[in-house]
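Keep the 3D view open while you read.

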Amino acid sequence: MEHIFHTVTSEEDGATVRHILKAVLHFSSHAISRLVRTENGITVNGAHARTVDVLHSGDILCVESGDHRPPKILPTPGDWPLPIVYEDGHLLVVNKPAGMTAHTSNFIPDTPTVAGALAFQRGPEFIFHVVNRLDKGTTGLMVVAKSGYIHDRLRRMLHTDHFIREYRALCIGRPEPTQGIVNAPIGRDESSTVARMVRPDGQEAMSHYEVLSQHGDLTFLKLLPQTGRTHQLRVHMAYLGHPLAGDWLYGTEDLDLIGRPALHSYALTFVHPVTGETLHFTAPIPEDMQRLLQDC
């Protein structure tokens with residue numbers, strides 16, 4: 001079980017344990033209630049503490065950050081390759097291959113899943129909380145939190161300067177101008193159970209794009225989503241008239257070109273919610289996209 005330590009500063013002298021848990025360590029009321037019910041879930045200087053106890057400068061507050069109960073529905077383990085890029089006691093970063101979803105879906109029940117791959121590696125009770133979810137066809141970096149507390153902290157960072165997601169993609173044609181911002185709200189496409197579309201009553205959605213190179217009829221792009229709508233980058237590129245190569249939903253399926261939307265989660269930069277360290281990771285462009293860059 002992982003623990004969070006906090007040394008009380010002089011400015012925090014006289015604060016209660018509950019205040020530090022909420023205002024400084026950002027535990028939710030639900031999480032605090034769980035800690036109260038857990039034996040030695042909260043200690044001060046090594047001794048059991050209550051949330052109403054008053055803290056003083058130099059006191060060391062220690063709280064458990066892990067989940068005590070496995071998920072209600074255990075994932076089915078599967079021997080599917082899933083490279084681990086980084087791991088510590090609080091989180092891990094994986095390099096998701098194409099064709100893998102985060103969780104089992106009722107629409108595609110037999111698909112390999114990140115949850116199942118980790119259950120095979122670590123056991124079915126491994127705590128699994130996706131931070132930045134990737135579509136089935138999208139490859140690349142994805143963060144998994146090992147507790148609800150870490151998940152909540154990281155989710156709060158999403159779409160801020162503390163959690164930056166950078167993608168690489170190949171689109172049909174060449175966008176003009178060669179860099180810009182797409183600010184177009186996204187909502188459900190009423191004619192489909194899965195598709196999204198740009199619509200005036202949709203949720204705010206903003207994406208940055210930049211042309212990196214030209215490869216015949218294809219353009220290699222850098223994409224930076226500023227929001228996190230479903231299929232956002234795919235919808236926005238189609239909205240510009242340049243759908244991603246291989247995007248069967250928003251463009252034209254071409255299995256001879258590539259068997260999935262040509263989208264890759266290339267880089268992640270985020271602040272570790274416990275250590276405060278800025279972490280940066282990159283994942284190489286996958287082979288199917290590399291082939292398009294070389295063949296054109």
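A residue counts as buried when its relative accessible area is under 20%, as exposed when it is over 50%, and as partly exposed in between, using a 1.4 Å probe and protein chains only. This is a predicted model, so to speak of local features a pLDDT of at least 70 is needed, side-chain atom pairs count only at pLDDT 80 or more, and totals for chains, interfaces and linings use all residues. Residues are numbered from 1 along each chain as its sequence is written, and side-chain values use heavy atoms, with hydrogens and water left out.

**Charged pairs**

Let's start with the charges. Side chains of opposite charge can pair when their charged atoms come close. Here a salt bridge is a side-chain nitrogen of Lys or Arg within 4 Å of a carboxyl oxygen of Asp or Glu.

| Pair | N to O distance |
|---|---|
| R50 and D53 | 2.9 Å |
| R174 and E176 | 3.4 Å |
| R260 and D288 | 2.8 Å |

What sets the R260 and D288 pair up in the chain? The pair links distant parts of the chain, 28 residues apart: R260 sits in the loop between α5 (232-239) and β15 (263-271), and D288 belongs to helix α6 (residues 287-295). Helices (H or I, at least four residues) and strands (E, at least two) are DSSP runs, numbered from the N terminus. Both R260 and D288 are buried. There is also a network in which salt bridges with shared partners join E87, R122 and K146.

The other two pairs in the table involve residues with some accessible area. R50 is exposed, at 51% relative accessible area. R174 is partly exposed at 37%, while E176 is exposed at 58%.

D59 lies in the loop between β3 (47-48) and β4 (60-64). What D59 does have is a polar contact of 3.0 Å between its side chain and that of N45. A polar contact is a pair of N or O atoms within 3.5 Å; within protein, one must be able to donate a hydrogen and the other to accept it, and residues adjacent in sequence count only if both atoms are side-chain atoms. Leaving aside neighbours within four places in sequence, D59 is in contact (heavy atoms within 4.5 Å) with H6, T7, V8, V44 and N45.

Two strands pair if DSSP finds at least two bridges between them. Four strands make an open sheet in the order β1-β4-β2-β3, with antiparallel pairing. β1 (3-7) and β3 stand at the edges with a single partner strand each, so one side of each is left without a neighbour in the sheet. Strand β2 (residues 42-44) pairs with β3 in the antiparallel sense over two bridges, and T43 stands opposite H48 in β3. Helix α1 packs on this sheet, touching β1, β2 and β4, and its direction makes about 65° with that of β4. Axes here are lines fitted to C-alpha atoms, for helices over the stretch in contact, and angles run from 0 to 180 degrees between N-to-C directions.

**Strand β14 and its partners**

Now look at β14 (residues 218-225), which is mostly covered: six of its eight residues are buried. Strand β13 (residues 206-215) runs antiparallel to β14 and is joined to it by eight bridges, with H208 opposite L224. β13 and β14 form a hairpin with two residues between them, and G216 in the turn has a positive phi of about 65°. Strand β9 (residues 163-172) is also antiparallel to β14, through six bridges, and R168 stands opposite K222 in β14.

H26 is at about 65°, in the loop between α1 (17-24) and α2 (29-37), and is partly exposed at 35% relative accessibility. H231 is at about 60°, in the loop between β14 and α5, and is buried at 13%. Finally, the peptide bond from E176 to P177 is cis, with omega near 0°, and P177 is found in the loop between β9 and β10 (179-183).
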